[in-house]
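Open your viewer and get ready to select residues as we go.

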Amino acid sequence: MFYQQIAQNKRRTVYVMLGFVLLVVLIGAAVGYVFFNSYVAGILMAVVIGGIYMMLMISQSTSVVMGMNHAHEVTSVDQAPELWHVVEDMALVANVPMPKVYIIDDPSPNAFATGNNPEHAAVAATTGILEKLNREELEGVMAHEMTHVRNYDIRLQTIALALSAVISMLVNIGMHSFWWGGGRRDNDREGGGYVQIILMVLSLIVVILAPLAASLAQMALSRNREYLADAGAVELTRNPRGLISALEKISDSAPMEEADPSSAALYISNPLKKKSMSSLFSTHPPMEERIERLEQM
Amino acid sequence: MLTIIIVVIVIVLLIAIYAGVYNGLVSARVHSQESWSQIDVQLKRRNDLIPNLVETVKGYGKYESSTLEKVVELRSQMMQVPAGDHQQAMEVSDQLTNSLKSIFALSESYPDLKASTQYAKLMEELSNTENKIAYSRQLFNSTAANLNTKIQSFPSNIVAGIHHFTQVEYLQVPETEKENVKVSF
C-alpha cells in the first residue's frame, strides 16, 4: 500500500511540475504582454528565473526552508537527547536514513519535514513541542514527519513551494517595472482594436489569478498528504493514542511567531492558525476530522 | 526460422523473470538478516550500559541486592544465547526489560538519585535502547513478513523451493511488553 503511495507521489510530482511549468510560462507571457509589451521577453524571463530558482531550491531546499523558519541544526545527540533518539527510532522503523534534525525557538508546539529525498531530508521541531509533549506523543509527531520523508511528500512540497515562489516573483517584477515607468506605452500600439483590448484584459486576469491558483494547488496537495501521513505514523508506532493527544495539544495552543507563511503547508498543523472561511484555502484538513480518522484505527 | 526466434525470445524472457524473482528473494532475505543485526546491536548496547546502572544505584539501600543480582545474571545469560537463536534471545531480553523496569520504579523513592544528571543520562540511554529494541523488532517482523510472503506466493514460491529459501519465524511481541517499553520520564 505504501509502495503504491510512493510511486503515486513520484508520478504526481511530475504532473505538478508540468502543471506549474505551464502556469509559469503562461504568467511569463501575460506579464510580458501587460508590462513589457512582448510575450517572448516575458516567457524568456519566466523560464530563466524559474529555472535558476528551481535548481537553487532543489539543491538547497533544506537550508533555504530551515533559514526561512529560523531553525538551527542539532548536530549531536547531547544537544537534544530525547528528540534525537525519537527521530532515530522513527527513521529506524520507517527504514529510511537518519535525517538532519533542527530546532526552532518558538513556544508554540509544531514540527515539519523537508528535503528532496529520504537521503537528503531534515526534520524540525519547535522548542514548544519538546516541552509540551511526552515521549509517546513526540514519537507520533516524528512518525508523521518520517512518513512525509518516506513517501516523497517532502520533494513534492519543495517543488510546489519553489514554483509558487517563482510565480509571485514574476508578478512582482512585472508590477515593479510597471510602476517605475518601464511599462507599456499606449502609443506603441496604434489601431490595436478589440483583439488587443481583450488580450490585455485576459493577461491581466492571468496575472491577478495565477498566484492564487498556485497557492490553491499547493494547499490541495498538502491537505491530502496530511491524512496519509497520519495513517503512516500509526503504521510506524502502532499507537494512535500518542499522535491523537499530540494533535490535541498542538491544536489547543497559540500560533507560531517564527513560522514563514509560504512554508505553512509543511508543518504538521497550520502554524498560522488562521480560521479560514473556506476549506479550499486551508493547507491542512480540520483537526477534528484528523483526530476522528485516527480514532477509528 | 520464426519459430526459433520466438522460442529464443521466450527462453530469454523466462530466464530474466527467474533471475528477477531470485534476486528479489535474496534481497528480502538480506533485509531480514540486516534487521536482526539492528536488534543485536541494541541488545549488546544495553548489556554495555547495565554495569554503569548497577554501579550508579548500588549505594542506595532499598535496592535489594536480589534485584540487582537478577539483572546481572540475566545480562550474562543474554551473552550466552547462541547467535542464531532469535526466540531465546528475545525471551531473555524481555525478562531483562522487566527487571530493569523494576529498578527504574524503585528510583522513584530516591529524589537525589533521580536528580543526578548522570542517572538522568543513563535513564535516557537505557530507555532509548529499550525503544530501539522494540522498534527494531517491529522492523524485523515486517521484513520477515515480506520474505515469507515471497516464499509463499506464486511464482516466487517455485524459485524459493528450488533454492531452499526458508521462512523466517516472527518475533512475538506481547501487548503488555509493548506497554512496558514506553517508559516516559
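**First stop: a helix pair in chain A**

Select A:Pro240, A:Leu243, A:Ile244, A:Leu247, A:Glu248 and A:Ser251 in α8(A), and you will find them meeting A:Met287, A:Arg290, A:Ile291, A:Leu294 and A:Glu295 of α9(A) (contact: C-beta atoms, placed from the backbone, within 7 Å). Seven residues of this contact are nonpolar, one is polar and three are charged. This is a predicted model, in which local features need pLDDT of at least 70, side-chain atom pairs count only at pLDDT 80 or more, and totals for chains, interfaces and linings use all residues. Residues are numbered from 1 along each chain as its sequence is written, while chains are lettered from A and ligands numbered from 1 in the order in which they are written.

Now show helix α8 (residues 240-251) and helix α9 (residues 287-295) of chain A whole: they pack at about 165°, with axes 10 Å apart. The two are therefore roughly antiparallel (an angle over 145 degrees).

**Second stop: A:Glu145**

Next, select A:Glu145 in helix α5 (residues 135-150) of chain A. An unreviewed UniProt entry places the feature "active site" at A:Glu145; such annotations may be inferred rather than shown by experiment. Is A:Glu145 buried or exposed? A:Glu145 counts as buried because it has 29 C-beta neighbours inside 10 Å (buried: 20 or more; exposed: 12 or fewer). Beyond neighbours within four places in sequence, A:Glu145 is in contact with A:Ala111, A:Phe112, A:Ala113, A:Val123 and A:Ile268.

**Last stop: where the chains meet**

Finally, colour by chain: 11 residues of chain B are in contact with 10 residues of chain A. Helix α5 (residues 117-152) of chain B gives the largest share of chain B's side, eight residues.

Note on methods. Axes are lines fitted to C-alpha atoms, for helices over the stretch in contact, and angles run from 0 to 180 degrees between N-to-C directions. Helices (H or I, at least four residues) and strands (E, at least two) are DSSP runs, numbered from the N terminus. Angles under 35 degrees count as roughly parallel, over 145 as roughly antiparallel, 65 to 115 as roughly perpendicular and the rest as oblique. Two residues are in contact if their C-beta atoms, placed from the backbone, lie within 7 Å. Ala, Val, Leu, Ile, Met, Phe, Trp, Tyr, Cys and Pro count as nonpolar, Asp, Glu, Lys and Arg as charged, and the others, Gly among them, as polar.
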